[in-house]
Amino acid sequence: MKLLVCGKGGSGKSTVSALLAKSAAKRGYRVLVIDGDESNFGLHRQLGMDLPEDFMNYFGGKKKVLELMRTSGKYRDINIFDRKWRFDDIPREYLSARDGISLLAVGKIHEFGEGCACPMGVLSTGMLEHLETGENEIVIVDTDAGVEHFGRGVERGCDIVIVVMDPTYESLMLSKKIEEMADSIKKPVYFVLNKVDEESKQFMTASIDSAKLAGVVPMNRAVFQACLRGEELELQLPEIDALVEFLLKGGR
Ligand SMILES: Nc1ncnc2c1ncn2[C@@H]1O[C@H](COP(=O)(O)OP(=O)(O)O)[C@@H](O)[C@H]1O
Ligand SMILES: [Mg+2]
């Protein structure tokens, strides 16, 4: 199963991705976390890992992929994956691994003026479309904020779209846009309310399609402190376990 986690900046995409990965791994699943956010330098810490080398380098680096995009005249669907991939096909030097979880980072922006993140989008799209999961394997893609990845078509290869929503008007608006786009490509979409108290949970639940509510993660001080300190998220939250259970059943 391939889960794609999206939402507004700061809503908790990386936090929820890391907690989901840990909960699924505890249940015995092999989990591959794909860090698809070129600007996030925190997810690997939340997983208690080092940041792996950019997977982009396997394909010759960002400049090479950009060049392929230019010469093919395409900004999507450039053929860098020429076959289906399994978990074990991913070269280990591009993975950090621990306790049943592997982390792959598509690519980061490292230097001033190095250019746009289009090659990262192309790589995420290709990766997700070509990766095949076995019965006991889960892919969790932590995306960059907003909807650019929808514009690039990254979602085409996933099975479920998860929208992480913090208690803000912006998240409510964005969730509607994402819902529309996911519907248009016939991908199931589910909402996770994050950092909520009872009052905001009530308000948000009334504003979304309740059949699509997959889980609620309260504002949690320990999570907040771990995020501040760049520490591993070692907590086991019943709300996250329930969310994993729900998603593994394919939602509903
Ligand atoms: N459930 C939670 N409880 C408390 N704080 C949270 C929770 N989820 C996220 N946060 C806070 O929100 C911040 C942003 O979360 P993060 O996962 O990095 O967002 P995103 O990946 O969507 O940009 C974290 O650094 C942390 O301070
Ligand atoms: Mg993030």
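Select V164 and V192 in this predicted model: V164 stands opposite V192, which lies in β7. Now widen the selection to the two strands. Strand β6 covers residues 160-165 and pairs with β7 in the parallel sense, over five bridges.

Next, follow the chain between these strands. Select residues 169-184, which form helix α6. Together, β6, α6 and β7 make a right-handed β-α-β unit.

Return to V192 and look towards β8, where the bridge partner of V192 is G215. Move on to L193, and select V216 of β8, which stands opposite L193.

Show β7 as residues 189-196 and β8 as residues 213-218; these strands run parallel and are joined by five bridges. The chain gets from β7 to β8 by way of helix α7, residues 198-207, and this β-α-β crossover is right-handed.

How many of the eight residues of β7 are buried? Seven are, so the strand is largely enclosed by the rest of the structure; buried here means under 20% relative accessible area.

How values were computed. Residues numbered from 1 in each chain as written. Chains lettered and ligands numbered in written order. Predicted model: local features only at pLDDT ≥ 70, side-chain atom pairs only at ≥ 80, totals over all residues. Heavy atoms only, no water. Pairing = 2+ DSSP bridges. Helix = DSSP H or I, 4+ residues; strand = E, 2+ residues; numbered from the N terminus. Right-handed = clockwise from strand over helix to strand, strands pointing away. Buried < 20%, exposed > 50% of the residue type's maximum accessible area, 1.4 Å probe, protein only.
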